[in-house]
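Please take a first look at the sequence and the fold before reading on. The report below walks through the structure one topic at a time.

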Amino acid sequence: LQEEKKRVVFNIADLTAQDPFSDTDRLSDNAAVDTEAKEEINHERYQAMLKELKMKLEAIDAALLRIAREVYGYCSSCKKMIDTDRLAAIPTATLCMNCESKRKP
């Protein structure tokens, strides 16, 4: 999880730097309307990707906190152990498969 956290933090910084709105020179740029529209679309796309990465980072931090509290690997609903195969696939899982399946319609 620590390595995944490093990767996510790096990706957040990278995306933030690539966002066209992070360039302060664009404020004084008299770009054409089509360029401005393209930058707006790219900005929205970057913001959506950043939102996903930040949610992932929150899940990783929550999992690391569960590890520190020695409750990692236990279902937050039924308190039974989460299958190790599930944790290997989704290290941030908080529910066992049984509770997860009950949650979804």
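What follows covers confidence, nonpolar cores, one arginine, the cysteines and a few backbone details.

**Confidence**

This is a predicted model. The chain has an average pLDDT of 86. A score of at least 70 is reached by 80% of the residues. Among the elements of the chain, helix α3, residues 84-89, has the highest mean pLDDT, 96. Helix α2 has the lowest, 86.

The largest nonpolar core has nine residues. They are Val8, Ile12, Leu15, Tyr46, Leu50, Leu53, Leu57, Ile60 and Leu64. Helices α1 (2-18) and α2 each supply at least two residues of this core. Which helix gives the most to this core? Helix α2 does, with six residues.

Setting aside residues up to four places away in sequence, Val8 touches Leu53, Lys56, Leu57 and Ile60.

**A buried arginine**

Now turn to Arg66. This residue sits in helix α2, which spans residues 33-68. Arg66 is buried, yet Arg66 has no salt bridge. Where is the nearest side chain of opposite charge? It belongs to Asp61, and it is 10 Å away. A salt bridge needs the charged atoms within 4 Å.

**Cysteines without disulfides**

How many disulfides does the structure hold? The count is zero. The cut-off for a disulfide is a pair of sulfur atoms within 2.5 Å. The sulfur of Cys78 has its closest cysteine sulfur in Cys75, at 3.7 Å, so the two are too far apart for a bond. The sulfur of Cys96 has its closest cysteine sulfur in Cys99, at 3.6 Å, which is also too far for a bond. Cys78 is partly exposed, at 30% relative accessibility. Cys96 is buried, with a relative accessible area of 10%.

**Positive phi angles**

Most residues other than glycine have a negative phi. Two residues here call for a look at their backbone. Glu70 has a positive phi, near 60°, and is not a glycine. Lys79 has a positive phi too, near 70°, and is not a glycine either. Where do they lie? Glu70 is in the loop between α2 and α3. Lys79 is also found in the loop between α2 and α3. The table sets out their values.

| Residue | Phi | Relative accessible area |
|---|---|---|
| Glu70 | near 60° | 69%, exposed |
| Lys79 | near 70° | 57%, exposed |

**One more pair**

Glu44 is a residue of helix α2. Is Glu44 buried or partly exposed? At 46% relative accessibility, Glu44 counts as partly exposed. Glu44 and Asp19 are 25 residues apart along the chain. Their C-alpha atoms are separated by 9.0 Å.

Conventions: Residues numbered from 1 in each chain as written. Heavy atoms only, no water. Helix = DSSP H or I, 4+ residues; strand = E, 2+ residues; numbered from the N terminus. Buried < 20%, exposed > 50% of the residue type's maximum accessible area, 1.4 Å probe, protein only. Lys, Arg positive; Asp, Glu negative; His and termini not counted. pLDDT = per-residue confidence, 0-100. Core = buried A, V, L, I, M, F, W, Y, C linked by side-chain atoms within 4.5 Å. Contact = heavy atoms within 4.5 Å.
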